[in-house]
Amino acid sequence: MAIALIITSTLLHAGWNSIGKRSATSASFYMWATAAGMLIYSPLLFNVWSDVLAMPTRFWLLILASGLCQMVYLVGLAKAYQGGDLGVVYPLARALPVLIVPLLVLMAYGDTALSVADVGAMALIFCGAMMVPVRRWREWHIKTYFTPAVGWAVVAALGTAGYSFTDSAAIHLMRDAGFNAFEAGGAFAVVQAASIVLCMLPVSLLVLKEPVFAALFRQPQIKRSMFVTGLFAVGTYLLVLISMSMVTEVSYVVALRQLSIPIGVAIGIIWLKEGWHPNRLQGVVIMLVGLVFVSL
C-alpha cells in the first residue's frame, strides 16, 4: 500500500512541477498555490481538529520547522526554474535528498534500518542525477554544476531533506497519539500548508520583495495554474504523509519518491520541448535501476 501511494504521488508531483515551470514567475506563485491546496483539503481537518490542537508542544515545533523547510524548498525551486530546464533542475532537486535524509536519520538516532544494498541503490540514484546536467563527457567540468539554476536546485534539495525528516517525526507522533494513517496524513497536510503560507508571506514581501497581492492575480490562466498546482501539490504530499506513517524508515519513502524524476524529464522533453541528450537519458536509466533496488 505504501508503495502504491508513493507511485501515485510521483505522477502528481511531476505534474505540478511541470505546471510550475511553465507558470511560476516567483516564489509567491507557490505560496498562493499552497494556500489554495490548504482550502481544498481543509475538510480533512474538520473531524479531528480538537485532537490536533491537543498535540504536544514538540509536534507544533515540528510543524514550524516543516514550514520553514518547505519555504526553503519552494523558494529554491522557483528560483531554479527561472533559469534552468525542468529536465535538469527537477532530477537534482529530487535526487540529492536520497543521500541527505539517511545522514540526518543516522545523526539523529545513531542507527538506520538501511542495508548496504539500500545505500548502494541510493548512490546509483544520486550518480544518475549527477549525469543529467552533463551534455557530453568530453566537455565535462566541475563548473558544469556551478550555475545559478543548479545552486538553487541544491537549496531546494536541502529543504526537501529537512521537511522529510521533520514530517516523518511529526506523523509518528500523531500515530502514537491514536490517529490512523489517513487522519494523520490528512490533518498534517492541511496544518503544514498553513505553516508554509505563514513562513513564505514575510519572506516574499520583505526579502524577495515580490508583488504578492497583485501581479499573480492579473491573468485568469495564472489563477487556474495556482489552483491546479495547489490541488496536486498538497494532494501529492498527503499521499506521501500517509505512506510515511506505514513505514519505520523515512529514507525508503524519500528514495522511492524519486520515481518522479524520469517522469519529470519526459514531461520536459515532450511537453515543454526542452532539449535532450544521451547523458540525460543515461542518467535517468541509472536512477531507475537504483529505484528498482530500493523498492525490492
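Modeller: A residue is called buried under 20% relative accessible area, exposed over 50%, and partly exposed in between (1.4 Å probe, protein chains only). The model is predicted: local features need pLDDT of at least 70, side-chain atom pairs count only at pLDDT 80 or more, and totals for chains, interfaces and linings use all residues. Residues are numbered from 1 along each chain as its sequence is written, and side-chain values use heavy atoms, leaving out hydrogens and water.

Biologist: What percentage of the residues in the chain is buried?

Modeller: The accessible surface of the chain is about 13000 Å² (Shrake-Rupley method, 1.4 Å probe), and carbon and sulfur atoms hold 70% of that surface. Of the 296 residues in the chain, the buried share is 55%.

Biologist: How many helices does the chain have?

Modeller: Helices are DSSP runs of H or I with at least four residues, strands are runs of E with at least two, and both are numbered from the N terminus. The pattern along the sequence is α-α-α-α-α-α-α-α-α-α-α-α-α. There are zero strands, and the number of helices is 13.

Biologist: How are α2 and α5 oriented to each other?

Modeller: Helix α2 (residues 27-41) packs on helix α5 (residues 57-83) with axes 8 Å apart and an angle of about 135 degrees. Axes are lines fitted to C-alpha atoms over the stretch in contact, and angles between N-to-C directions run from 0 to 180 degrees. Angles under 35 degrees count as roughly parallel, over 145 as roughly antiparallel, 65 to 115 as roughly perpendicular and the rest as oblique. The two helices are therefore oblique.

Biologist: Which residues in α5 does α2 meet?

Modeller: From α2, the residues taking part are A27, Y30 and T34. On the side of α5, they meet L74, V75, L77, A78 and Y81.

Biologist: How are α5 and α8 oriented to each other?

Modeller: Helix α8 (residues 148-176) packs with α5 at about 155 degrees, the axes being 7 Å apart. The contact of α5 with α8 comprises 19 nonpolar, eight polar and three charged residues; Ala, Val, Leu, Ile, Met, Phe, Trp, Tyr, Cys and Pro count as nonpolar, Asp, Glu, Lys and Arg as charged, and the others, Gly among them, as polar. The angle makes α5 and α8 roughly antiparallel.

Biologist: Is A181 buried or exposed?

Modeller: A181 lies in helix α9 (residues 181-207) and touches R175, I242, S245 and M246, not counting residues up to four places away in sequence. A181 is also 7.8 Å from S243, C-alpha to C-alpha, although 62 residues separate the two in sequence. Its relative accessibility is 12%, so A181 is buried.

Biologist: How far apart in space are V190 and P43, C-alpha to C-alpha?

Modeller: V190 also belongs to helix α9 and counts as buried because its relative accessibility is 5%. V190 and P43 lie 147 residues apart in sequence, and their distance in space is 9.0 Å.

Biologist: Is K209 buried or exposed?

Modeller: K209 sits in the loop between α9 and α10 (220-244). Although not a glycine, K209 has a positive phi of about 55 degrees. With a relative accessible area of 65%, K209 is exposed.

Methods:
Contact = heavy atoms within 4.5 Å.
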